[in-house]
Amino acid sequence: MNQDIKEILLTEEQIAEKVKELGAVLSDEYRGKNPLVICVLKGAVVFMADLLRHMDIPCEMDFMAVSSYGSGTESSGMVKILKDLDTSAEDRHVLVVEDIMDSGLTLSRLMELLRHRRAASVKVVTLLNKPERRKVDISPDYSGFTIPDEFVVGYGLDYAEKYRNLPFIGVLKPEVYSS
Ligand SMILES: O=P(O)(O)OC[C@H]1O[C@H](OP(=O)(O)OP(=O)(O)O)[C@H](O)[C@@H]1O
Ligand SMILES: [Mg+2]
């Protein structure tokens, strides 16, 4: 697995420090609001699990699965809901947790849906932000790291369902996806 990585962009330690920081900021923001924290499966699952353990306030969690990438490195532009929430978002302070905002298509579609369901507020925290690739006018409310336009894997992020379990975030060697 590691031989497919060109370079480590963010180490396990850098990620841990940032997640702790974000947890503290979000705890202050959502204190007394019992937020509904939504993990966007599957990519955000590792970040969500770590982030929640740095939020020292009562909150609830739920999960949604959407897919736009299939097994490639380019968004198809179509965002399909594969699994919906179990909880109603109406009148809730919703915090959407994502691993990466890239074209922005996944999150813009999700935000639209949650606002339509009359959430009291909808905000996004993304660990990674890749603004150079944006196709829609959206930016995260909270972001861990701004990264260059390279395809990254690890800490939840995959290429063709592989590499999600790497503890760091790395740039994949282009020959891995172009071959
Ligand atoms: O800003 P965008 O261009 O929409 O890209 C970001 C989304 O793409 C990836 O998910 P994917 O659809 O590949 O599913 P996964 O989380 O199961 O890997 C990633 O986890 C984000 O959810
Ligand atoms: Mg993916």
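In what order do the 6 strands of the open sheet lie? In this predicted model, the order runs 4-3-2-5-6-7, and the pairing is mixed. The two edges are formed by strand 4 (80–83) and strand 7 (142–146), each of which pairs on one side only. Averaged over the sheet and with direction ignored, neighbouring strands are turned by 30° against each other.

Attention then turns to the interior. Nonpolar side chains tend to be buried together in soluble globular proteins. The largest nonpolar core of the model holds 41 residues, and the members that touch the most others are Ile 38, Phe 47, Val 94, Leu 95, Val 96 and Val 97. At least two residues of this core come from each of several elements, including helix 1 (12–30), strand 2 (36–41), helix 2 (45–52), helix 3 (105–116) and strand 6 (121–129). Strand 8 (152–153) and strand 9 (169–172) are also among the contributors. The largest share, 6 residues, is supplied by strand 5.

Leaving aside residues up to four places away in sequence, Ile 38 touches Asp 62, Met 64 and Leu 85, together with Val 94, Leu 95, Val 96 and Val 97.

Methods
Residues are numbered from 1 along each chain as its sequence is written. Chains are lettered from A and ligands numbered from 1 in the order in which they are written. This is a predicted model: local features need pLDDT of at least 70, side-chain atom pairs count only at pLDDT 80 or more; totals for chains, interfaces and linings use all residues. A nonpolar core is a set of buried Ala, Val, Leu, Ile, Met, Phe, Trp, Tyr and Cys residues joined through C-beta atoms within 7 Å. A residue is buried if 20 or more other C-beta atoms lie within 10 Å of its own, exposed if 12 or fewer, and partly exposed in between; C-beta atoms are placed from the backbone. Helices (H or I, at least four residues) and strands (E, at least two) are DSSP runs, numbered from the N terminus. Two residues are in contact if their C-beta atoms, placed from the backbone, lie within 7 Å. Two strands pair if DSSP finds at least two bridges between them. Axes are lines fitted to C-alpha atoms, for helices over the stretch in contact, and angles run from 0 to 180 degrees between N-to-C directions.
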